[in-house]
Amino acid sequence: MSVALQLGIIVGYLLLALAVGLVAYRLTDRTAEDFYLASRTLGTVVLLFTTFATLLSAFTFFAGPNIAYAQGPEWILVMGLMDGIIFAVLWYVIGYKQWLLGRQYGYVTLGEMLGDRFGSKRLRGLIAGISLLYLFPYVMLQQVGAGTALEALTEGAVPYAAGSGLITAFMILYVVVAGMRGIAWTDTLQGAFMLVTTWVATIWVLAAVGGPGAATEAIASSEATSGFLSLGSAYYTPQWMLSTAITIGFGVAMFPQVNQRFFAAGSKTVLKRSFALWPILCVLLFVPSFMLGAWAAGLELTVPEGGNVLPIVLAEYTPVWFAALVIAGAMAAMMSSSDSMLLSGSSYFTRDLCRPILAFFGRALSERGEDLIARIGVVVFASAAFLASLWNPATLFELGDAAFSGFAQLALPVLVALYWRRTTRAGITAGILASQTFYLLCLFLSVVPSSYAGWTAGIVGMGVGLLVTVAVSLVTTPAAAERRALYFERLGAD
């Protein structure tokens, strides 16, 4: 009976999100810009919460508490505080200039903007290819998180493959139907819902174990977790904390589903209000969810290897219906991440790959044609990620970290291109290729170190990209197609 109740609550919540998408579908124009960016009309609350919910992924609700459970609550400083502040700064430094350019020239993707800036279809395709490469494991992460969460919550009654397949089916249906407008609306609902349920869950668990003092004392009294309450443990070295916070913050700014929201703001005021409120939302969500993971380490719970601690804590200390409601919200949060990723991925595929290829053969892609290809691309990409998630996936943290650090390699060359007129096509291309090559070698070849004096390969690769971009730009001459001083003149005027 409890399994039926759990599944009923989870499926019911997902159907509610789908209903919102259907309403949005009736109000959506059949144009690519409306499908991708909701015609650039998002207000402060919706922009803030759609960006927030887009990042409320399996990495937040399962990988984050798992890290706090295994290594201690200092993870809050990395993901909740430092990363929140870093991304808020980048939202202004990168996002504002992107918004100005998008408003002026109608850009939808980062590759489209930089390809035009440097007069290079190859650069445009390179950025799209890299983005799709790293989107794939992050979509997988959501499917892996959903499958393991449902399996744990129902004690195996719903196997991993079925849970992963369920979230995939809803993702496909929802994105194909809703587009950005529907995604933004449901993201606002899901973001608010998860803030409330996470705090209620934390208060409920703490009440059951005797309050925060008793939960913290349980951590301190356990030999295995006594070091959790002191700063600077073996897990959290200063180099690792800074490396992780910086790569996550810069990586988030380059995530297609986040980066495109810089173009979707309805006004400059909307954009600035949103980034100012961002760190507050991060603290409000990450503190309770990560502390639940840390407190669980002192509660003598049995967490199987590769399992997620959050569903186990909820199943142990809260009623069945409430645990199912929180997991339903977490799955909806995963869907809100994946649907945005699939939407952005389809825009990169259609605008930065299909359009230039068709143009090379003298063919043009109509608005309706692009809209159709984008929806078909969503189905293919999500299905492929689902099949890959069934084949011995890595841990949630490994999948998420690979994606964050991979996207972070794009950030500094892009930042240089936005602010330094002397940047050349050869410079930015070389910088992106150098940092990506270095990072991929560290990721896949054991002979290449993944850590350098405590600093992660991700942040070292960012430094490589910056140095190569600047050095090559200094020794090369901009081509005529690159001389777009108008970009910077208009940006300066604003």
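1. R124 and D352 form a salt bridge, with the closest N and O atoms 2.8 Å apart. A salt bridge here is a side-chain nitrogen of Lys or Arg within 4 Å of a carboxyl oxygen of Asp or Glu. The pair links distant parts of the chain, since R124 sits in helix α8 and D352 in helix α16, 228 residues apart. Both R124 and D352 are buried. Buried means under 20% relative accessible area, exposed over 50%, and partly exposed in between (1.4 Å probe, protein chains only). Helices (H or I, at least four residues) and strands (E, at least two) are DSSP runs, numbered from the N terminus.

2. A word on the source. This is a predicted model: local features need pLDDT of at least 70, side-chain atom pairs count only at pLDDT 80 or more, and totals for chains, interfaces and linings use all residues. Residues are numbered from 1 along each chain as its sequence is written, and side-chain values use heavy atoms, with hydrogens and water left out.

3. The whole structure holds 3 salt bridges. E112 pairs with R351 at 3.1 Å, N to O. E112 lies in helix α7 and R351 in helix α16 (residues 320-360), so this pair ties together parts 239 residues apart in sequence. E112 also forms a salt bridge with R124, the closest N and O atoms being 4.0 Å apart. That pair joins helix α7 to helix α8, and its parts are 12 residues apart in sequence. Relative accessible area is 10% for E112 and 15% for R124. R351 is buried as well.

4. Salt bridges with shared partners join E112, R124, R351 and D352 into one network. In general, side chains of opposite charge can pair when their charged atoms come close.

5. S120 lies in the loop between α7 (110-117) and α8 (121-153). S120 is buried, at 11% relative accessible area. Leaving out residues up to four places away in sequence, S120 touches G115 and R425. Contact means heavy atoms within 4.5 Å.

6. The largest nonpolar core has 144 residues, and W75, L114, M254 and W278 touch the most other members. Such a core is a set of buried Ala, Val, Leu, Ile, Met, Phe, Trp, Tyr and Cys residues joined through side-chain atoms within 4.5 Å. Beyond its neighbours within four places in sequence, L114 is in contact with L123, I127, V414, A417 and I428.

7. Helix α3 (residues 44-54) is largely enclosed by the rest of the structure, because 9 of its 11 residues are buried. Among them are L47, L48, F49 and F52.

8. The axes of helix α5 (residues 75-93) and helix α6 (residues 95-105) come within 3 Å and cross at roughly 30°. Axes are lines fitted to C-alpha atoms, for helices over the stretch in contact, with angles from 0 to 180 degrees between N-to-C directions. The two helices are therefore roughly parallel, a label for angles under 35 degrees. L90, W91, Y92 and V93 of α5 meet G95, Y96 and K97 of α6.

9. Two loop residues remain. A453 lies between β1 (451-452) and β2 (455-456). A453 has a positive phi of about 55° although it is not a glycine, and A453 is exposed at 69% relative accessibility. G156 is in the loop between α8 and α9 (160-209). G156 is partly exposed, at 39% relative accessible area.

Terms used
Angles under 35 degrees count as roughly parallel, over 145 as roughly antiparallel, 65 to 115 as roughly perpendicular and the rest as oblique.
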